[in-house]
Structures are given as structure tokens and as C-alpha cells.
Amino acid sequence: QLRPSGRRLVARQRGPVAAGAASFLLLFLFERDVCLLLAWSEPTDPTLSGLVSCSYVFLAPTGRLDEYLTCIAKIQKAVEYFQDNNPDSPELNTVKARFEKGKELLEAEFRGLLTRYSRPVPPVLILDAISLDEDLELQEDVVLEHLPEAVLQDVSCISSWLVEYGRNQDFMTVYFQIRSSQLDRSLRGLKDHFRKSSASSAVLYSPAVQTKRKDTPTKKIPKRPGTIRKAQNLLKQYSQHGLDGKKGGSNLTPLEGKDDVLDVEIDSYIHCISAFVRLAQSEYALLTEVIPEHHQKKTFDSLIQEALDNLMLEGDNIVSAARRAILRHDYSAVLTIFPILRHLKMNKADFDSTLQGTAASTKNKLPTLITAMETIGARALEEFADSIKNDPDKEYNMPKDGTVHELTSNAILFLQQLLDFHETAGAMLASQVLGDTYNIPLDPRETSSSASSYTSDFNKRLLSSYICKVLGNLQLNLLSKSKVYEDPALSAIFLHNNYNYILKSLEKSELIQLVTVTQRRAEASYRELIEQQIDTYQRSWLKVTEHLTDRNMPAVQPGSKLKDKERQVIKDKFKGFNDGLEELCKTQKGWAVPDKDQRDFIRQAQRKVVSDAYRAFLHRCANISFTKNPEKYHKYRPEEVEEMIERLFDTSA
């Protein structure tokens, strides 16, 4: 009579009332069944007599886990009692059902605790945990608390019971699914934090760490070297500057916005790499408190998969973007790979340690990404070197004033970025080529085909040879381009400017030290090339100074009268000098020599040569009467000639 009425009572209720009615019914039925069991068993049997106090086993164990587990244990003993004394009795099925119901509620409590108390780690706390700022001397490591201590104890207790009595591993799946979601959310939160904070570039520390830094209440997001963004701006939108600070070409202004976004993405990814390692280590420490030892590695492997896959996918997208950029011949894209690749390799040991014991497919994900980045990076470097060699000679693309060519500026800017990442770039090349590609002798101990076997010195020599290859290709291309100019003097000024720009840039950026690893005379060679071009340029003045020589000059005796032909020779010399001087000064005034020191040197050298020859010529003609209008031929005083030469290479004069 009770069972039908109980069903009707539950059927008439909804929501919490229905749940209460159901619990009441279960309690009533359980107490009835216990009474029947006691009636059928020995009155003094301790196994069954304790079941009366376990009537609330069908309520959730929240807040009273110890009592709940005690009741479950009594029901377990009842199951064992009937299995030993009356295995065919229907009462055995009754207590078994009660035990299974209690186990289900424990599993639900396990899931509920993890769901209610698991939260993503705040971005500022992650940044504190992975901070490498040497100015911040923390007395202790930042602790990442994923669950409150009391909750962790309950979860561990339930886990231990389920392992021993539950005969079910489903709770491990529940655990890794919930914790995996929180790990991925923590990393996504860090990325969002970088995007939102990129404008202000400052974030607050977590309250827990805040009290330890009275003098540093805020923390700036660490930035990668700014040379990457600078180089990309200049490579993509050229704005040539002379070595003395004067602009010598286009007045285009680099666009910052898009590259700022790219820089934030690079910073975000680099920090997410470190954050993953730190969070994964913390997750493993938490996991060891909950999951049985022989299941820990497998569960941990499953737990980190989603976050790791997303991290590797983002890395693959970076590689794909670089690959597309290379197809467009935008070789500056490889610059985004350098800081990322360096960071990946620096953190590989921590990655390997953290992933120890996981599946081979999991452990191979990072090495696979590193290999992909090294491959695409080496390809970009090689294709960039070839592009320098094969850049077409187009008259419209040549600077009309003979200043530094855009190709030279781009090449040097690109090579300068290799300084900050010379180890990464060297290893990148070494992973793809053998030493004899660049005529580098291999040490017998360095003949392994594995890139990791190459020594740092070998990588340095390999990178040095690569830079020399680019510079060699650049020199050949510049020689070819110089032939576009019809005026040999302008061609010489063009080559001089470019060679001088290369040399000064190498010296300023310390690239010269890297170049001299394999080309000891590189600096002297460039100086010789510069001197050769100055000599070639100075020969353009021979058509002016040749009129001042003694050639065809009539031998005049004091008091003697010149013949008409002899007078005409002197007139022609003056006229030839005047016309040549005016023509060269007018033409070369518009040419450019951006380097002030070189500009002054060329002017002074030319001024001395011309002025000395002119003064000597005037001295020889001083007492010769060759015309009735001397001012017509003697147009310029020596000081005026010197002033005209001083205005060479100056469009503002």
C-alpha cells in the first residue's frame, strides 16, 4: 500500500518539492527494507544492525562526506554478508542497488565539486608565476591554487573510495575533462589579457603578490626586442636615412598599427608557451593528489591535450603565414619566427620534463613545431639571399641622385636582425644544410646528420658565411645596377654610397664581428672598394683640369708678342675650364653623398686638386696678354671655384 501512494505523491509534485518527496520516499522504503532485513537475520548481527543509521545515504553527501562514506561502508558490509550467507536472496539485490545508488551520488558529488570550484587562473597570476624580471626578487614562488584545500581533500577522499570500492574509472575521465577545460580557459584568458592590455602596456599584480612589492605596484607586460617591429616597418615601407640623419630618398612614414598588433600576437604566443609549461606542472601536482599513481600519466596526457593542441595549432598557423609571405617574396615575415623559435628551444627542456611519461605523440608535438619553424626559416633565409642576387635592374627603380639603393637598405636591415638571434639563425641554417654548402670544414666530431650535434662555433661560422653570401650577392647586384647610369661618375657615386653604407652599418651594428669569422679582410675590402669608387669619380674632373695643364700651352718669352693661334689656345683653355666647371657643378650639385664625413672628404679632395691646378694656371697666365677682355675668360677667382666645389652634393645650396 505504501509504494503506490508514494508514487502518487511524487507524481503530484514538481521541482524541489518533487525531489524532497522522492528523497522522503527513498528514506521510508530504505528504513522499511532494513527492518525486514533485521527481521530475517540474526538479531545480534552487527553488520545489519548498523544500517538503521544510514537511512540518509540517498541524500547528496555535500557537507557530510565522512558520515556518508561510513554509511556506504556499512551497506558494503551488508552486501558482503548476504553474499556469504544467502547469495540467492532478493535482499542481496536490494542492498546492492542501495550501494550502487550511493556510488552514483558520490560520483555526482565528485563532478559537482570540481565543476563548482574549478576556475581559470587569472592572467595576472600567470604572469607573476612565469615572470623572469630580475628586478623582482620574490622570496617564494607564486603558488597556483586550483581548488580550496577542503574541497581538494573531499575530491581526493571520493577518488580513493571510488578506486577501492567503485570498480569504475569514469571519474578519471570526468576529472581530466573538467581540468582540461580550465587549463585551456586560463591560456585563452592570458591571450585576451594581452590584447586588452596592449594599449596601456601595464597590468596589476595579483593581490597575493601585490603585498610583496611595495615599490612596484604595477607590472608591465614584458616585450620582445623592438627591432623586429622596426625592421618590418622599414622593410615593408622604405624610408632611407643618411648616416648623418638627413633623409636621402623617400619621405614615407612607416605604418605602426598593423605591426603593433603583430607584435602583441608574438608576445602573447611566447608567454602562452611559458604559461602552458607552468600551468601543466601545476596541474600535474594537483592530479597526483586525486588520481591513483598508475593512472596519473595517462590522465595527465588526456588533460593537457586540448590546450597543447591549440598551442601547437597556433604555432602551425604562424608557420603557414610565414610560408604564404615567402611565396609573396615578403621575407621580413621570417623575423616573426626568430623570437618564437628561440623561446621554444629555450623552453624545450622544461617541456620535455613536464611531458615525461606521456604518449610519444604528445612529446613529439613541440619538436615537430620546432622543426617546421626551422625549415621555413631556413628556406626564407636562402630565398632572401637569392632575391638579393636576382633583384632586377630597372631604371625607374634607381635613385636619380646616386644615393643608397633600397635593396641595400633592406638587405642590411634584414641582416642586422640576425644579431639578436644569431644562435637561433645559425641553428636554423645548420638544421637544413651541411657545412660544405658554405665551404665550411666540418670538425670530425661534428659530422652527425642531426642538427643538435652541431656546435655553437659551427653555427656561428655557418651564419657568418650566410651573411657573407648575402653581401656578396648584394655587391654583384649593385655592380649590375650601376651600369644603368650613363654617367660613369654618377655610377661611381652610387657604388661609393652603397659600399660606404654597408661598411658603416656593419660597424655600427657589430655585424662586422660576425662577418670576420669567415672573412677576415671584409672591412679592408670594403674600404678598398670605397677608395676605388672615389678615384673613379675624381676622374670625371679630368675634363676640367686637363684645360689647366701645360699641354699645347705656348712658350712665351718675356716681352714677346703672342700669335693669334697661341692666344686662341689660352682662350680655349679658359673657356674649357669655365664651361666644364659650370657643367659639373650644376650636375653634381644634385647628386647625393649622405655620409657627411665622406661628403666632406670628397669635396675637400676635389677642391684641393682643382684649386691648386687653377691657381698654377692663373700664375702662368698672369703676365700674358692674350685678350683685350680678360674678365670674359677669367670669370672665377680661385676662392669662387672652391666655393662652387663646396656646394657639390647639396640640393639646398
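## Nonpolar core

In this predicted model, the largest nonpolar core holds 161 residues. The members that touch the most others are Phe276, Tyr466, Ile467, Tyr537 and Trp541. Helix H11, spanning residues 257-287, supplies the largest share of this core, with 13 residues.

The surroundings of one of these members, Ile467, can be listed. Leaving aside residues up to four places away in sequence, Ile467 touches Leu415, Leu418, Leu511, Leu514 and Val515.

## Packing of H13 and H18

Two packed helices are described by the angle between their axes and the distance between the axes. For helix H13 (residues 337-346) and helix H18 (residues 422-430), the angle is about 85° and the axes lie 9 Å apart. Angles of 65 to 115 degrees count as roughly perpendicular, and H13 and H18 are therefore roughly perpendicular to each other.

On the H13 side, the contact is made by Ile337, Phe338, Leu341, Arg342 and Lys345. Their partners in H18 are Thr424, Ala425, Ala427 and Met428. Sorted by class, the residues of this contact are 6 nonpolar, 1 polar and 2 charged.

## Buried side of H27

Helix H27 covers residues 638-646, and its buried residues are Pro638, Val641, Met644 and Ile645. These residues lie on the same side of H27, because the arc they cover around the axis is only 120°. An α-helix has 3.6 residues a turn, so residues three or four places apart point the same way.

Notes: Residues are numbered from 1 along each chain as its sequence is written. This is a predicted model: local features need pLDDT of at least 70, side-chain atom pairs count only at pLDDT 80 or more; totals for chains, interfaces and linings use all residues. Side-chain values use heavy atoms; hydrogens and water are left out. A nonpolar core is a set of buried Ala, Val, Leu, Ile, Met, Phe, Trp, Tyr and Cys residues joined through side-chain atoms within 4.5 Å. Buried means under 20% relative accessible area, exposed over 50%, partly exposed in between (1.4 Å probe, protein chains only). Helices (H or I, at least four residues) and strands (E, at least two) are DSSP runs, numbered from the N terminus. Contact means heavy atoms within 4.5 Å. Axes are lines fitted to C-alpha atoms, for helices over the stretch in contact, and angles run from 0 to 180 degrees between N-to-C directions. Angles under 35 degrees count as roughly parallel, over 145 as roughly antiparallel, 65 to 115 as roughly perpendicular and the rest as oblique. Ala, Val, Leu, Ile, Met, Phe, Trp, Tyr, Cys and Pro count as nonpolar, Asp, Glu, Lys and Arg as charged, and the others, Gly among them, as polar. The arc is that of the directions from the helix axis to the C-beta atoms.
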